[in-house]
Amino acid sequence: MTRTDQSRLTVPTPARRRWNRDAVETRVFRVLGWMVIAVLVLVTAFPLYYMVMLSLRSLDQVVLRPGLLWPAEFDVSTYVSVLTSVADGGQGFLVFLRNSFVIAVLTVAVTLLAAVPGAYAISRLRFAGRRQVSALFLAVYLFPAILLAVPLFVFFAGIGLRGSLVGLVIVYVAQTVPISIYMLRNYFETVPVSLEESAAIDGCSRFQIIRWISLPLALPALMSTALYVFMIAWNEFLFALLFLAEDRDRWTVSLGLSQLAGSIEIPTTVLMAGSVLLTLPIIGIFFLAERLLVEGLTSGAEKG
Amino acid sequence: MTRSTPTRPAGRSPTRPSPRVRTLAQRDARAGQTLLAPTLVVIVLVIVVPIAWTIVLAFQDLRLIDIRRRGLMGDFTLDNLTGVFSSPGFYNALTTTLLYSMVGTVTSIGLGLVAALALRGWFRGRAVVRGFMLLPYVAPVVAVTFVWQTMLNPQFGIINEIGASVFGWTNPIAFLTQRSAEVSIFELEFDVPVALLTVMAFQAWRYFPFAFLFLTARMTAIPAELEEAARIDGATPTQRFRHVIWPQLLPVIALLTVLRFIFTFNEFDDIYLLTGGGAGTEVVSVRIYELLTARGDIGAASAQALVLSLVLVILLGIYFRFFGRHLQDAR
C-alpha cells in the first residue's frame with residue numbers, strides 16, 4: 001500500500017489539518033468497509049453453516065432450543081436416515097444422488113461434444129450465418145424457461161419421453177450449449193492462430209488441428225466449462241419437476257428435496273442432511289473451478 | 001466482432017479451374033457449418049421449435065388429457081388470449097412480477113456494487129471472502145430456499161428466535177405465509193407486504209454475486225492512474241467514486257440491469273420454492289405453471305407465457321430506446 005506515501009508527497013500543507021474532508025471520508029469508509037465485509041460474510045456463509053449445523057441435530061432438540069448456534073450433540077443418524085432406501089424406512093436419497101449424477105454427467109458429455117466444435121467454428125472459421133448464430137444463442141436466454149416448458153412438456157408427454165432421463169438431458173444440453181460455446185470461444189481465441197497455421201502447413205487437416213493443437217491448449221477451459229455445466233445440470237429444478245415428478249425412482253436430489261420438504265412426517269433435520277448432500281458436491285466443484293478458471297486464463301502463452 | 005482476417009491465399013490459381021478442389025476459405029466455411037451443425041440442431045429442436053409451438057398452442061383450446069388424441073393443428077381460437085386479459089388474477093400477477101423484478105434488479109445490483117467496493121482494496125484473506133460472496137449464487141436453489149424456509153420458520157426458525165430474544169418480538173413473524181402486516185411508525189399505519197418483501201430479500205441475497213462478479217471484473221480493469229490523478233488533484237473518496245469510478249462502471253451497470261431484469265422477470269424457481277406463489281407473491285411464471293400442471297390447461301398456459309414474453313420485449317424495447325447508448329459502450 002503506497003497510499004500514505006503519496007499523500008505525504010503531494011499535499012504538504014493541507015495535510016497538517018488533521019480533520020479535512022479527505023481524511024474524514026477515508027477513515028469513515030475504512031470502518032464502513034470492514035463492517036460491510038463482516039456483514040456480507042455473515043449473510044453469505046451463515047445459511048450454509050446453519051444448514052450443516054441443523055443436519056447434525058435432532059428435531060426435538062431444535063424445537064427445544066432453536067437459538068443454539070453450536071450443536072450440543074453430533075447426531076449423524078439424520079444422514080443414515082436420508083440415505084437408506086425407502087424400503088428400509090429411509091428417504092432413498094442415494095437413488096436421487098445417482099440420478100442427479102447420471103443426468104449431470106450425461107449433460108456435460110453431450111454438451112461438450114456439441115460445444116467444442118461449435119465454439120471452434122465460431123472463433124476460427126468464417127462462414128455464412130456466423131453472426132446470426134451468435135444472436136440466436138443470446139435469444140435462448142431471453143425467453144423464460146416456463147415458455148419452453150409448456151410445449152416441451154406437451155411434446156415429451158406425446159412421444160412418451162416424459163419421465164425419462166434422456167428427455168431431461170436433451171433439454172439441459174440445449175440450455176447449457178450456448179453458454180458453453182461462449183466460454184470456450186473466448187479460450188479458443190487466445191490460442192495463437194500462428195500455431196494452427198504452422199500445423200496446417202505441416203499438412204494437418206482442420207480436424208487434426210482441433211484434435212492435436214487447439215484442444216490440448218484449451219484443456220483447462222474445457223475442464224472449467226465442464227464443471228460449470230455440471231453445476232447447472234445438478235442444480236436445475238423446473239424441468240426436473242415437470243418431467244420427473246411422478247416417479248419417485250427417477251427424482252433428482254433437488255427434486256426429491258423439494259417434493260419431500262412439504263411433508264410433516266419427515267423431520268426437517270433429516271431433510272437438512274439431504275440438503276447438505278445436495279450442496280456439498282457443488283461447493284467442492286466451485287472451489288475447484290475457481291482455481292481452474294484462473295489457470296485457464298493464465299495458461300496458453302505462445303512460445304517462440 | 002470485426003476481426004480483420006488476413007486474406008488467405010487461394011488454394012489454386014483461378015487460371016486453372018478445377019471444380020473438385022475448393023479454396024481454403026471455402027473449405028473453412030464448410031467445416032464451420034459442419035462443426036456447428038449438432039449445436040444448431042439441438043437449439044432449434046429444443047428452443048426455437050418450442051417457442052414457435054407456444055404461439056400455436058396459445059391459439060388453441062387444448063387440455064392436457066386431449067394431447068394424445070389431437071394433433072398439432074386444431075381449431076384456432078382467440079379465447080385463451082382474451083381469457084388472459086379478462087381474468088383478474090393476471091393483472092395482480094403481472095403487477096407483482098413487475099414490482100418483484102424492479103426491486104430485485106435494483107437491490108441485487110446495489111448490493112453487488114457495495115460488495116465490490118468493499119472488497120476492492122487488498123487484505124489478507126480477500127480471495128476467500130470473494131469465494132464466500134459467490135456461494136449464494138452457486139449453491140443449489142432448492143437447498144438454499146429450504147434453508148431460508150427453515151431459518152424463517154415461525155416455530156423453530158433462528159430468525160424468529162433472535163427476534164424474540166434480542167428485539168423483543170412478542171409474536172413470531174410468518175415471513176413466507178403472511179400476506180401483509182400493519183406496522184405503525186410515528187403513529188402512521190402502514191400495510192407491509194411481508195411475504196413479498198421476504199421473497200425480494202431472497203432475490204437480492206441470491207443474485208448480488210452476479211453483479212458483484214461483473215463489477216469486480218470491471219473495477220480491476222480501471223487503470224490505477226485515473227484514480228491516482230484524481231487523488232493528487234485533491235478529490236476525496238466520494239468524489240473519486242462519483243467522478244472517476246462511477247462513469248467507468250455505468251456501461252456495466254446498464255448491461256447488468258438488462259440481464260437481471262430479464263432473469264428476474266422470468267424467474268420461477270425462487271418464488272415457487274419459497275412460497276409456492278401464495279401470500280401475495282404469485283408472479284406470472286408461477287401462475288403459468290399452476291395452469292399447466294394443476295388445471296392441465298395448455299392453451300391458457302401458452303397464452304400467458306406468450307403475453308409474459310411480449311411484455312418483456314416491450315419493456316426491453318423502451319429500455320433500449322432510452323439507454324441503448326450505454327449498452328453500446330459496454331461492448
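The model is predicted; local features require pLDDT of at least 70, side-chain atom pairs count only at pLDDT 80 or more, and totals for chains, interfaces and linings use all residues. Residues are numbered from 1 along each chain as its sequence is written, while chains are lettered from A in the order in which they are written.

**Contact between the chains**
- Chain A contributes 80 residues and chain B 73 residues, two residues being in contact if their C-beta atoms, placed from the backbone, lie within 7 Å.
- On the side of chain A that touches chain B, helix 2 (residues 21–55) of chain A gives the most, with 18 residues.

**Chain B**
- Chain B has 12 helices and 2 strands; helices (H or I, at least four residues) and strands (E, at least two) are DSSP runs, numbered from the N terminus.
- From the N terminus, the order of elements in chain B is α-α-α-α-α-α-β-β-α-α-α-α-α-α.
- Of the 331 residues of chain B, 37% are buried, that is, with 20 or more other C-beta atoms, placed from the backbone, within 10 Å of their own.
- In helix 4 of chain B, the buried residues are M133(B), P136(B), Y137(B) and V138(B).

**Confidence in chain A**
- The mean pLDDT of chain A is 80, and 89% of its residues reach 70 or more; pLDDT is the predictor's confidence in each residue, from 0 to 100.
- Residues 1–7 of chain A have pLDDT below 50, with 2 contacts beyond near neighbours in sequence.
- Residues 294–304 of chain A stay under 50 in pLDDT and have 11 contacts beyond four places in sequence.
- Where pLDDT is low, predicted coordinates should not be read in detail.

Key:
Buried ≥ 20, exposed ≤ 12 C-beta atoms within 10 Å, placed from the backbone.
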